[in-house]
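Work through the exercises below with the sequence and the model open beside you. Each task is followed by a worked solution.

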Amino acid sequence: MRGLARRLEGAQVALWGAIGVAAAFGALSSNELTHRESAAAVFLGAYYVGAAAGARVAGRAMDRLGRRPGLAGGYVLLAASGLVAFAATGAGSFGWLLVGAVILGCGSGAALLGRGALADMHPPDQRGRAVGRLVVMGTIGAVGGPPLGGAVHELADRLGVGSPLAAPWLLVTLLAGVGLVLVLALRPDPRELAVGPAASGPARRPGQV
């Protein structure tokens, strides 16, 4: 079980690294494409709409199919969002950047349910500590993502890339790929290790009767 927990923690580092890059360069790309500072708020709004939808759909899917497929789907969407945003920024299309923001939100909303998957694997009296550690590991990615994205942007600018602001979006795809590999390695599925009442019947989300 410890190995599964470490994989989930590593996936969360990658997830929050990708979110950190997207948060920093989503605002910069929005402003660059529209020349309006308010466009950053529109980007974030699209992201959160996607996150809410992604978490709801993925949560229901995980109840039926298991935690691994739902989490993997989230990282696939996250990787796709980086490619969409990369193409949108390079082409100068704010509309497509918003599409990328929605996909990014859907993927993030699903991938963030890794906290629930980790809680499944621990007795109730140990869940708080386990999830707390997962959050701390995610903070590493959240703090490190923007500087890493900045380094990629600076390198692209020095190399004379046509659209330096597009380059950091590929980092979102790369980090999502790392998270996907770690999630696919979750065997057995965390739901199969569920501790407590959920182990004797269909898995239930917290608060579900």
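An axis here is a line fitted to C-alpha atoms, for helices over the stretch in contact, and angles run from 0 to 180 degrees between N-to-C directions. Helices (H or I, at least four residues) are DSSP runs, numbered from the N terminus. This is a predicted model, in which local features need pLDDT of at least 70, side-chain atom pairs count only at pLDDT 80 or more, and totals for chains, interfaces and linings use all residues. Residues are numbered from 1 along each chain as its sequence is written, and side-chain values use heavy atoms, with hydrogens and water left out.

**Exercise 1. Describe how helix α1 and helix α6 cross.**

Step 1. Two packed helices are described by the angle between their axes and the distance between the axes.

Step 2. The axes of α1 (residues 2-34) and α6 (residues 124-158) come within 6 Å and cross at roughly 40°.

Step 3. Therefore α1 is oblique to α6. Angles under 35 degrees count as roughly parallel, over 145 as roughly antiparallel, 65 to 115 as roughly perpendicular and the rest as oblique.

Step 4. The crossing of α1 and α6 is right-handed, meaning that the near helix is turned clockwise from the far one by less than a right angle.

Step 5. Contact means heavy atoms within 4.5 Å. Among the residues making this contact are W16, G17 and G20 of α1 and G138, G141 and G145 of α6.

Step 6. The residues of the contact of α1 with α6 divide into 10 nonpolar, 9 polar and 3 charged. Ala, Val, Leu, Ile, Met, Phe, Trp, Tyr, Cys and Pro count as nonpolar, Asp, Glu, Lys and Arg as charged, and the others, Gly among them, as polar.

**Exercise 2. Are T173 and L170 buried, partly exposed or exposed?**

Step 1. Buried means under 20% relative accessible area, exposed over 50%, and partly exposed in between (1.4 Å probe, protein chains only).

Step 2. T173 lies in helix α7 (residues 167-184). Its relative accessibility is 18%, so T173 counts as buried.

Step 3. L170 also lies in α7. With a relative accessible area of 37%, L170 is partly exposed.

Step 4. Leaving out residues up to four places away in sequence, T173 touches A79, G82 and L83. On the same terms, L170 touches L83 and F86.

**Exercise 3. What is the span of α7, and what covers its buried residues?**

Step 1. The expected span of a helix is 1.5 Å times one less than its number of residues.

Step 2. α7 has 18 residues and reaches 27 Å from its first C-alpha to its last, close to the 26 Å expected.

Step 3. The buried residues of α7 include W169, L171 and L175. Their cover includes α1, α2 (39-65), α3 (67-91), α4 (94-111) and α6.

Step 4. From the side of α3, where T89 lies, there is a contact between T89 and W169. T89 is buried, with a relative accessible area of 6%.

How values were computed. Helix = DSSP H or I, 4+ residues; strand = E, 2+ residues; numbered from the N terminus.
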